[in-house]
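Dear colleague,

Please find the structure below, handed over for your review. My findings follow directly after it.

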Amino acid sequence: MVRPFRRVDVVRALDSALAAGTVSDARLARLADELRDPEGDDWVRFEARAGTQAFTAARRDLLHPAGEGATQFYAEGALEARVGPLVLASRPIAENRLKLDPDWRGGEIQQRKSQAYRFADAYLSAQFGKIRLFYGQMARNWGPVERPGIPISSYGYPRSDLGLELRLKNFQLDLLATELTPMVGPGDVEHKRYFVAHRLTARVTKRLDLGIWETAVLAGPNQSFEPYFRNPLVLLAFPVQFGLDDNRNTLLGGDLEWRPKPGLALGAQAAIDDRWRRSPDPDGTGEPAHPGRWAVTVTGRGALGSRASWRAGVSLVNSLAFRTIDSTESFVDRGVGIGPHQTDNALVTLELARPIAGRWLAATDLAVLWQGEGRIDAPFPLGAALTDTPELFIGTTATTYRLGASVHGGSTRFNLRASAGLHHTTNADHVPGASRTRIEARLIATIGFAKGGPVE
């Protein structure tokens with residue numbers, strides 16, 4: 001549920017399985033060799049790639065297409081190095097798709113430049129056995145594979161943060177903290193904003209992992225990043241313990257992964273931001289009756305014989321999730337969700353995948369998306385409007401059906417990532433009776449080279 005993970009951990013798991021004889025697939029042995037770091041404690045690795053990028057819509061989320069399509073030049077480089085316990089990485093990407101993506105907030109500036117670029121990875125990490133320290137940015141997702149994690153997702157673009165990880169045999173503690181972009185709050189006053197996430201994972205049995213986590217946004221005029229807010233061993237859901245005003249929004253959640261037998265894994269993740277209030281409370285909190293704010297995901301994955309796999313999931317994000325009365329305390333940064341960006345929806349997916357020729361993974365997928373008119377950046381309803389807000393599906397619900405296929409893989413010299421699907425939408429753009437059928441696709445094809453080795 002916590003990604004990304006280190007290459008060395010994947011290699012260690014593959015080597016262990018191969019040595020134990022539980023698998024004998026030559027593809028896994030080759031994969032382990034290709035993921036393995038250069039020899040020695042001090043090494044450097046460089047990779048450069050260039051090619052083309054094509055897309056029907058600039059937004060990366062194919063089920064919520066937006067932005068014009070195009071075919072453009074694409075390039076990326078990677079520099080990785082290790083010096084003892086210190087690891088550094090930098091991966092700049094040149095892609096003019098950013099100028100068209102509504103979720104990229106640098107578009108207005110980069111429109112004036114001939115080439116748009118971003119850093120997908122840029123960080124320094126100190127790794128001392130069971131303790132790992134991190135400063136920088138990379139895409140993170142705390143949630144099931146191929147689903148936007150509820151506490152943190154990779155839907156948006158990376159922001160720089162500070163991280164601490166404690167990895168024991170059966171316990172894992174993760175802490176992240178960062179400053180968010182300021183927002184204008186009540187009275188047209190700019191509010192400084194900060195984000196913290198902490199998570200405890202426990203391996204209860206060999207087949208069951210449980211996790212509990214909390215994320216919070218702290219906001220206010222002249223707000224500082226106070227030490228209590230960064231403490232990973234307190235619950236920020238109870239600010240009265242500090243004798244402080246309630247100027248933060250907290251999300252509580254948990255997840256599990258259960259592996260009842262080899263080749264089958266079941267997972268779930270859920271969070272609550274505010275409980276349901278069935279009747280008004282004028283003399284206590286002053287709140288009117290209102291729906292809750294919550295999100296939940298249930299997933300499953302497994303093997304289909306010895307040559308294929310399946311993955312399925314159901315996600316529900318309710319109409320008011322991730323936002324609150326004071327918009328500066330909503331779980332957004334630069335207008336994009338820190339967790340899922342799309343709210344007020346239900347999504348069901350099924351995917352079948354199979355490796356081909358040793359270096360390619362081909363998949364077919366089915367998806368149904370029910371999308372209401374609730375939006376993460378919409379003004380929060382008040383009074384009677386809040387009471388009348390439905391738990392799910394504000395206004396007219398648009399329904400999208402997808403039949404898709406994808407292929408990923410290659411080698412250092414040639415790499416391909418492609419996905420395409422036939423999408424049919426009823427009540428398109430939330431207009432009753434309107435429909436739309438179109439192909440949504442994206443592709444990145446590159447050639448490149450890599451070079452690495454020990455350094456003195």
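Not counting residues up to four places away in sequence, Ser319 touches Thr343, Asp344, Gly374, Thr389, Pro390, Glu391, Leu392 and Ile394. Please bear in mind that this is a predicted model. Ser319 itself is found in the loop between β15 (308-317) and β16 (332-333). Because buried means under 20% relative accessible area, Ser319, at 0% relative accessibility, counts as buried.

A second residue that I examined is Asn345, whose place is in strand β18 (residues 345-356). Asn345 has a relative accessibility of 6% and therefore also counts as buried. Its side chain takes part in polar contacts with backbone oxygens: a polar atom of the side chain of Asn345 lies 3.2 Å from the backbone oxygen of Gln342, and the side chain of Asn345 reaches the backbone oxygen of Thr343 at 3.4 Å. Leaving aside neighbours within four places in sequence, Asn345 is in contact with Ser315, Leu316 and Val317, with Leu369, Trp370 and Gln371, and with Leu392 and Phe393.

Finally, I turn to helix α1 (residues 7-20). With 14 residues and 1.5 Å a residue, helix α1 should span 20 Å. Helix α1 is followed by Gly21, which has a positive phi, near 80°.

With kind regards

Definitions and conventions: Residues are numbered from 1 along each chain as its sequence is written. This is a predicted model: local features need pLDDT of at least 70, side-chain atom pairs count only at pLDDT 80 or more; totals for chains, interfaces and linings use all residues. Side-chain values use heavy atoms; hydrogens and water are left out. Helices (H or I, at least four residues) and strands (E, at least two) are DSSP runs, numbered from the N terminus. Buried means under 20% relative accessible area, exposed over 50%, partly exposed in between (1.4 Å probe, protein chains only). A polar contact is a pair of N or O atoms within 3.5 Å; within protein, one must be able to donate a hydrogen and the other to accept it, and residues adjacent in sequence count only if both atoms are side-chain atoms. Contact means heavy atoms within 4.5 Å. The expected span of a helix is 1.5 Å times one less than its number of residues.
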